Amino acid sequence: NQTYATTQEKLHTLKNVESIWHQFDNQKREIMNLVNLAETELRSVTPLQTNPTNCITDMQNKQQLQMHLQKSAVPIFAKLEQLYEALVAETTVKEENFLKEMDDLNKRFNHTLDHLKDRVEYLENYNSRWNDYKRRLADLHAWATQIAPQIIESLTSSDLPPDERKQRLEKLQNEFTDKMKTFELLSSDAFDLAPKGMKICS
């Protein structure tokens, strides 16, 4: 009877351990699905392919995925902790394999999440630079097509005193020098913002 009871107890423990490992495998698959989803998204548009056309959509997709990963992973890793505690309660054997798999999962998940966070930051910075570029380009265009022509026209007025004409002309020359510097900076920024490999016509 004692032998039978011991055998039944061991069988019960074995079934419980098997059930815990089965649940662990299910949780592991969920984590790996999240990781694979993130890695696929990271490969979909690389930093070398980022351009003003796809930046906003790509940034939004990766921001949403980042939030989804963070939200989804919390209960899964909490469940893994519970499974490990249940495993310890069932057997006195230290489950090194279980701990190693949990550690490997954590490392891969956190590595992928960090990579995703870095990409989101890169896209946010790129989008900010692109918006600043558009603003400065619009300002330069407005000066060249509206402000400068008005100043030039005013210089031809016969009612303008010579001293004031001279001051306005000097001001125009200084502004033109500043705008040329702005143009050069914009040209440099356009090169930086263009997808790598794209040729910028000069």
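Visitor: Are α3 and α4 roughly parallel or antiparallel to each other?

Guide: α3 and α4 are roughly antiparallel to each other, in what is a predicted model. The reasoning starts from the angle between the two axes, and angles over 145 degrees count as roughly antiparallel. Here α3 packs against helix α4, residues 162-193, at an angle of about 155°. Their axes are 10 Å apart.

Visitor: In which crossing does α3 pass α4, and how many nonpolar, polar and charged residues has their contact?

Guide: The crossing of α3 past α4 is left-handed. Sorted by class, the residues of this contact are 17 nonpolar, 1 polar and 8 charged.

Visitor: At what angle do α2 and α3 pack?

Guide: The angle between α2 and α3 is about 160°, and their axes lie 10 Å apart. With angles over 145 degrees read as roughly antiparallel, α2 and α3 are therefore roughly antiparallel to each other. The crossing of α2 past α3 is left-handed. Their contact includes 21 nonpolar, 5 polar and 6 charged residues.

Visitor: Which residues touch the most other members of the largest nonpolar core?

Guide: In soluble globular proteins, nonpolar side chains tend to be buried together. In this structure, the largest nonpolar core has 25 residues, and Phe 24, Leu 69 and Phe 98 touch the most other members. At least two residues of this core come from each of α1 (2-44), α2 (55-90) and α3 (96-155). α1 provides the largest share, 10 residues.

Visitor: With which residues is Phe 24 in contact, leaving aside its neighbours within four places in sequence?

Guide: With those neighbours set aside, Phe 24 is in contact with Leu 80, Leu 83, Phe 98, Glu 101, Met 102 and Leu 105. Another core, of 8 residues, lies apart from the largest one; Leu 123, Tyr 126, Tyr 133 and Leu 193 are among its members.

Visitor: Is Leu 65 buried or exposed?

Guide: One compares the relative accessible area with a cut-off: buried means under 20%. Leu 65, in helix α2, has 9% relative accessibility and so counts as buried.

Visitor: Is Asn 127 buried or exposed?

Guide: Asn 127 is a residue of helix α3. Its relative accessible area is 14%, so Asn 127 is buried. Residues up to four places away in sequence aside, Asn 127 touches Cys 55, Ile 56 and Met 59.

Visitor: Where is the place of Gln 82, and what is its relative accessible area?

Guide: Gln 82 belongs to helix α2. The class between the buried limit of 20% and the exposed limit of 50% is called partly exposed. With a relative accessible area of 47%, Gln 82 is therefore partly exposed. From Gln 82 to Asn 125, 43 residues apart along the chain, the C-alpha atoms are separated by 40 Å.

Visitor: Which residues does Arg 168 touch, not counting residues up to four places away in sequence?

Guide: Arg 168, in helix α4, touches Ser 154, Leu 155 and Leu 160 when those residues are not counted. Arg 168 and Ser 154 are 14 residues apart in sequence, and C-alpha to C-alpha they are 8.9 Å apart in space. The relative accessibility of Arg 168 is 30%, so Arg 168 counts as partly exposed.

Terms used
Residues are numbered from 1 along each chain as its sequence is written. This is a predicted model: local features need pLDDT of at least 70, side-chain atom pairs count only at pLDDT 80 or more; totals for chains, interfaces and linings use all residues. Side-chain values use heavy atoms; hydrogens and water are left out. A nonpolar core is a set of buried Ala, Val, Leu, Ile, Met, Phe, Trp, Tyr and Cys residues joined through side-chain atoms within 4.5 Å. Buried means under 20% relative accessible area, exposed over 50%, partly exposed in between (1.4 Å probe, protein chains only). Helices (H or I, at least four residues) and strands (E, at least two) are DSSP runs, numbered from the N terminus. Contact means heavy atoms within 4.5 Å. Axes are lines fitted to C-alpha atoms, for helices over the stretch in contact, and angles run from 0 to 180 degrees between N-to-C directions. Angles under 35 degrees count as roughly parallel, over 145 as roughly antiparallel, 65 to 115 as roughly perpendicular and the rest as oblique. A crossing is left-handed if the near helix is turned anticlockwise from the far one by less than a right angle, and right-handed if clockwise. Ala, Val, Leu, Ile, Met, Phe, Trp, Tyr, Cys and Pro count as nonpolar, Asp, Glu, Lys and Arg as charged, and the others, Gly among them, as polar.
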